[in-house]
Amino acid sequence: MRRISILLILTFFTTFLFAQKAYKELRNHLKDKKGKEAAALVVKLSADSALSNDPKLYDFGKQAQILLNDVENEKIYLKKSYDTLSFFRSTCQIFDYIMKCDKLEQQNLAEKGKKMKFRKENRELLHRYYRNLSA
C-alpha cells in the first residue's frame with residue numbers, strides 16, 4: 001500500500017512539472033506577442049492527454065487568439081490590407097477556447113471541488129467580442 005501511494009505521488013509531481021515546462025515556452029510566446037507560435041503550441045499541447053484536461057491550457061489558447069485578433073484589428077484600424085477570414089476565425093476561436101475552459105472548470109468543480117478561476121474574466125471577454133462575432 002505504501003508503494004502505491006508513493007508511486008501516485010511521484011506520478012502527480014512529474015505530471016505537474018511536465019505541465020510547468022510545457023507552459024513555460026507558451027508563456028514566453030505570449031509575452032513576446034507571438035500569437036501564431038503560441039496558437040500552434042496550444043493545438044500541439046491539447047493533443048497531449050496529460051494537458052488536455054487543464055483549463056489553463058485553454059486560457060493560454062484564448063490569450064493567443066486575442067493576440068491574433070488584435071493584430072488584424074490594428075490592420076483594420078490603420079486601413080491596411082487585412083484578412084477578414086483570419087479576423088473572424090480568431091474571434092470564433094476566442095469563444096471556442098473560453099467554452100472549453102469553462103467546461104473543464106465546471107468538471108473540476110463538480111469532481112474535485114476546485115474553484116473556477118477564469119470565469120469572471122471570460123464572461124467579460126465574451127461580452128466584449130460578441131459584437132464582432134455576430135457581425
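Modeller: A crossing is left-handed if the near helix is turned anticlockwise from the far one by less than a right angle, and right-handed if clockwise. In this predicted model, where local features need pLDDT of at least 70 and side-chain atom pairs pLDDT 80 or more, totals for chains, interfaces and linings use all residues. Residues are numbered from 1 along each chain as its sequence is written, and side-chain values use heavy atoms, with hydrogens and water left out.

Colleague: Which handedness does the crossing of α3 and α4 have?

Modeller: α3 passes α4 in a left-handed crossing, and the crossing of α2 and α3 is left-handed as well.

Colleague: How many helices and strands does the protein chain have?

Modeller: The protein chain has 5 helices and 0 strands, where helices (H or I, at least four residues) and strands (E, at least two) are DSSP runs numbered from the N terminus. Read along the sequence, this gives the pattern α-α-α-α-α.

Colleague: What makes α2 roughly antiparallel to α3?

Modeller: The axes of helix α2 (residues 35–46) and α3 come within 8 Å and cross at roughly 155°; axes are lines fitted to C-alpha atoms, for helices over the stretch in contact, with angles from 0 to 180 degrees between N-to-C directions. Angles under 35 degrees count as roughly parallel, over 145 as roughly antiparallel, 65 to 115 as roughly perpendicular and the rest as oblique, and therefore α2 is roughly antiparallel to α3.

Colleague: Why are α3 and α4 given the relation that they have?

Modeller: The axes of α3 and helix α4 (residues 84–112) also come within 8 Å, and they cross at roughly 160°. That angle is over 145 degrees, so these helices are roughly antiparallel to each other.

Colleague: What makes Lys62 buried?

Modeller: Lys62, which is found in helix α3 (residues 55–77), has a relative accessible area of 1%. Buried means under 20% relative accessible area, exposed over 50% and partly exposed in between (1.4 Å probe, protein chains only), so Lys62 is buried. For the protein chain, buried residues make up 32% of its 135 residues.

Colleague: How do you know that a polar contact joins the side chains of Lys62 and Asp59?

Modeller: The contact between the two side chains is 2.7 Å, and a polar contact is a pair of N or O atoms within 3.5 Å (within protein, one must be able to donate a hydrogen and the other to accept it, and residues adjacent in sequence count only if both atoms are side-chain atoms). Asp59 likewise lies in helix α3 and, at 6% relative accessibility, counts as buried.

Colleague: Which residues does Lys62 touch beyond four places away in sequence?

Modeller: With contact meaning heavy atoms within 4.5 Å, Lys62 touches Ile94, Tyr97, Ile98, Glu121, Asn122 and Leu125.

Colleague: Why is the pair of Tyr23 and Phe60 classed as it is?

Modeller: The structure holds 3 aromatic pairs. In one of them, the rings of Tyr23 and Phe60 have their centres 5.3 Å apart and their planes at 65°. Rings of Phe, Tyr and Trp (its six-membered ring) pair if their centres lie within 6.5 Å, and planes under 30 degrees apart count as stacked, over 60 as edge-to-face and the rest as tilted, so this pair is edge-to-face. Tyr23 lies in helix α1 (residues 2–31) and Phe60 in helix α3, so the pair ties together parts that are 37 residues apart in sequence.

Colleague: What places the pair of Phe87 and Phe88 in its class?

Modeller: Their ring centres are 5.4 Å apart and their planes stand at 75°, so this pair, too, is edge-to-face. Phe87 is buried at 8%, whereas Phe88 is partly exposed, with a relative accessible area of 32%.
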